[in-house]
Amino acid sequence: MPARSVLSGVHFMNGDEAIAEGALAAGCTFFAAYPITPQSEIAERLAFRLPRTGGVFIQMEDELAAMAAVVGAAWGGTKAMTATSGPGFSLMMENLGLAIMTETPCVVANVQRGGPSTGLPTAVGQGDMMQARWGSHGHYELISLCPSSPQEAFDLTVRAFALSERFRVPVLIMTDEVVGHMYERVEIPEEISEAPRRRPTGPVEGFLPYKPDEDLVPPMACAGEGYRIHVTGLTHDERGYPDMSAEAHDRLVRRLCDKITRAPEAYTWTEELFMDDAEVAVISYGISARVALGAVELARKRGIKAGLLRLITAWPFPDDVVRGVAERVQGMVTVELNMGQMSREVDRVVKGRVPLAGVYHPGGRIHRPDEVLRGIEEVMACR
Amino acid sequence: MPVKAKRQVPPPEVVQGQHPMEKYLRADRIPHIWCAGCGLGTVLASFLYAVDDLGVDPDGIAVISGIGCTGRVAGYVRMDSYHTTHGRALPFATGLKLAQPDMKAVVFSGDGDLFAIGGNHFIHAARRNLDINVICVNNLNYGMTGGQAGPTTPLGGRCTTSPYGNFEHPFNLVHVAASAGAAYVARWTSLDVRRLQGAIQEMLVRKGFSFLEVIAPCPTNYGRRNKLGDGLDELHHYAEHAVIKHGADLADTEILPGQDFLVGKFIDEEKPTYWEMYQGKVAELEDRRRR
C-alpha cells in the first residue's frame, strides 16, 4: 500500500507546498524540474512524496529538459507537471510550444520573482505575465491561473490538471514568491474529482489522432496503446502527418486557438469585492490583489467607493468581465508587480470608456496599501 | 579525404513492389525526403530488420527523434513515434520511458541534434543510465539546413559556415558517450548493414543507456563541398579505411580525414539503470513503512 496521495484534512503549508499537494491530489504521477528559487519547495516536496505514492520524480539537467520530459511523460499516459521561476520559465518556452502544437496536457507552475535575467532570485515579481501569454514563438492560446493564497494555489492546481485534460493544452499556474512562501491554512477535501484523459474509442485502423471531437479537442492515444501514432511539432494534418501548406497551417493554428477561446465559461474565474456600489475598480491578481484589497478598505474609510476585481484567470484574459466592470464604474486602477503588463489588456478592453491608472512596481517587495490608495485617488480626480 | 575513381557498374535494376519491412513503415509517407546516396535509409532498414528478427512487438517500441535529416525517421516508422524539438529527443524520451518503463525507447537523431544543441541532455541521459537506445547518424554536418558545420565536422572540413575550412576541434562521439557513462557504445558505418543490425539487436535486448554511432555519407552537402564524391564513393572510403577493433581504447577512436578509423563495439557493461535504482528506493521506502 503506497502512502496516500491525497492528504485530506487541514494543514499549515506554504503556497509552493500547496501546489505540490494539489498536483498529487489531481493524480499527477510525473514531475520533472530543475532547482530554482523560489520554486524549490515544490520540487523538494514532490521528491519526497512521489516515490512514496507510486509516481516519478526526476531532477533534470535544465529547464529545457524538464519541460521536454513532461511532454514525453504526458505522451506516456501520465499526468505530468513541472515548476520553475523566471529564468527557467524562459528555457521552458521552447517545449511549451511543443506541448501546445502537439496538444499535450500538462501543468507548469511559475513562482515569479523579479526579472529581467537573474534579477531578484529570492524576491517577488509578476513580470512574466506577458511571457506566459506570448513567450513561445508563434500564435497560440493557453490557460493561466493566478492564486492569491496557499489554499487557492492548491485548488487552482487541481483545476489546472482538469483543464489541461479537457482542452489538451498546457495550463500555467502563474503564482509569485510571496504566495509561494506564505504559510496559511490549507484545507484538502476528502474527495477530488478525477479528470480522466479523453481516450480514443474507435478501432486502431483508420484512427486519426488529430481529428477533433465537436468541441475541437481530439481524443489522445498515448504510447503503448497500439495506435502507433505519429506526433510532430511540425504543422500537421488530422493523421498527424506533416503538411507544409498555408491551408493546413491555418486549419491547425485556428483550431488550436478556437478550442480554447470558444469555451471561456470553463476557465474564466474572477472575484469581485466591494463592487456593488463601486465608483472605482481596482484590478489585480496574485499577491498584489491582497494588497489592493487593503487599499480598497482604506479608500472606503476615506469615503471613496472603491471595489476590487481580482483576476483568478489571467489568460485568456477575461474580456467580458472587465468590460462589464468598465460599464459600471468611473475609473479603473491596475495594480501589479511589473511596469504594466495586464494593464495593457485592461486598456485594450476598456477602449477609453473610463480613465485608467496603473500602480506599478517592478518587484523585490509587494506594494504598500498607501501606494495603491494614491492610484485610486488619482483616478478619482480624473472623473 | 581522397576522391576515388568511380567504378564502372551497371545501373541497378529497378525493383517494383513493397519493401520487405513495409509493415513497419508508414507507406503513405513514402517517398521519403532523404537524398540519393544518403545513409539514412540503410540505417533505418537495419533498425527495422533488427526489430523483425528479434520479434519485438512494435506496439512496445517508441521511436523518438529530434530535428534534422535523421529527425525525420520518426515520421516514417509505423510505431508510436515522436518528432520533438531540436536537441530534446533525449529528455522527451526520458519522460516517456519513465512513464512507460516496459516500452523500448529508441532515440534516432543526428550528430548536431544530439551533440550540439542537445549535448547537455546526452551526457546526463548517459550518466543516469536510462534504459534508452540512441542511434546517432553522423554525417559530419547539418544536412537539413544546407550543410553548416557542426560539432563533428573534421578539422579543415568545408561547410557553408566554415567556408575557409573548419578550425574547431570536433567531438569524438563514442569517446564522449563512454566518458559520460553509456553502458554500451559502438560505432559502425552505413556500409556495415549486418553489423548495424546486430548492434541494434544487442541494444534492444540489453538494459541501460546504449549508444550507436553510424558514420554515414551526406553527398549533397558535406561530400560535395569536400570533394568526397557521391554516396557510393564514400562507402568505398569506409570499406578501405574502417578498421574493426572491438574494445579499442576510446582515445584511439578519433576520425581524421583521409585516415583509417576504428569501428566496433567499444563498451558493453552491466550496471543498474536509472529505473532499477528508482525502484530500489521505492522498495526500500515500502519496506521501512511496513516495519
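Predicted model: local features only at pLDDT ≥ 70, side-chain atom pairs only at ≥ 80, totals over all residues.
Chain A is divided into two domains, with domain 1 covering residues 9–188 and domain 2 covering residues 270–381. The C-alpha centres of domain 1 of chain A and domain 2 of chain A lie 26 Å apart, and 23 residues of domain 1 of chain A are in contact with 23 residues of domain 2 of chain A. On the side of domain 1 of chain A that touches domain 2 of chain A, two or more residues are given by each of β6 (120–124), α5 (129–134), β7 (143–145), β8 (170–176) and α7 (177–181) of chain A. The largest share of this side comes from α5(A), which gives four residues. By class, the side of domain 1 of chain A that touches domain 2 of chain A consists of 13 nonpolar, seven polar and three charged residues.

In chain A, helix α1 (residues 15–25) packs with helix α6 (residues 150–167) at an angle of about 30 degrees, and the axes of the two helices are 7 Å apart. Because angles under 35 degrees count as roughly parallel, α1(A) is described as roughly parallel to α6(A). The crossing in which α1(A) passes α6(A) is right-handed. From α1(A), the residues G15(A), A18(A), I19(A), E21(A), G22(A), A23(A) and A25(A) take part in the contact, and they meet P150(A), Q151(A), A153(A), F154(A), T157(A) and V158(A) of α6(A). The residues of this contact of α1(A) with α6(A) comprise eight nonpolar, four polar and one charged.

Between the chains, 33 residues of chain B are in contact with 37 residues of chain A. The side of chain B that touches chain A draws at least two residues from each of α2 (73–76), β2 (80–83), α3 (89–99), α5 (119–128) and α10 (274–290) of chain B. Of these elements, α3(B) supplies the largest share of that side, eight residues. Sorted by class, the side of chain B that touches chain A holds 14 nonpolar, 12 polar and seven charged residues. The two chains are also joined through strand pairing, in which strand β10 (residues 230–232) of chain A is linked to β2(B) by three bridges, the two strands running parallel. Within this pairing, T232(A) stands opposite H83(B), a residue of β2(B).

Technical notes: Residues numbered from 1 in each chain as written. Chains lettered and ligands numbered in written order. Contact = placed C-beta atoms within 7 Å. Nonpolar A, V, L, I, M, F, W, Y, C, P; charged D, E, K, R; others polar. Pairing = 2+ DSSP bridges. Axes fitted to C-alpha atoms, helices over the stretch in contact; angles between N-to-C directions. Parallel < 35°, antiparallel > 145°, perpendicular 65-115°, else oblique. Left-handed = near helix turned anticlockwise from the far one by under 90°. Domains from an automatic or database assignment.
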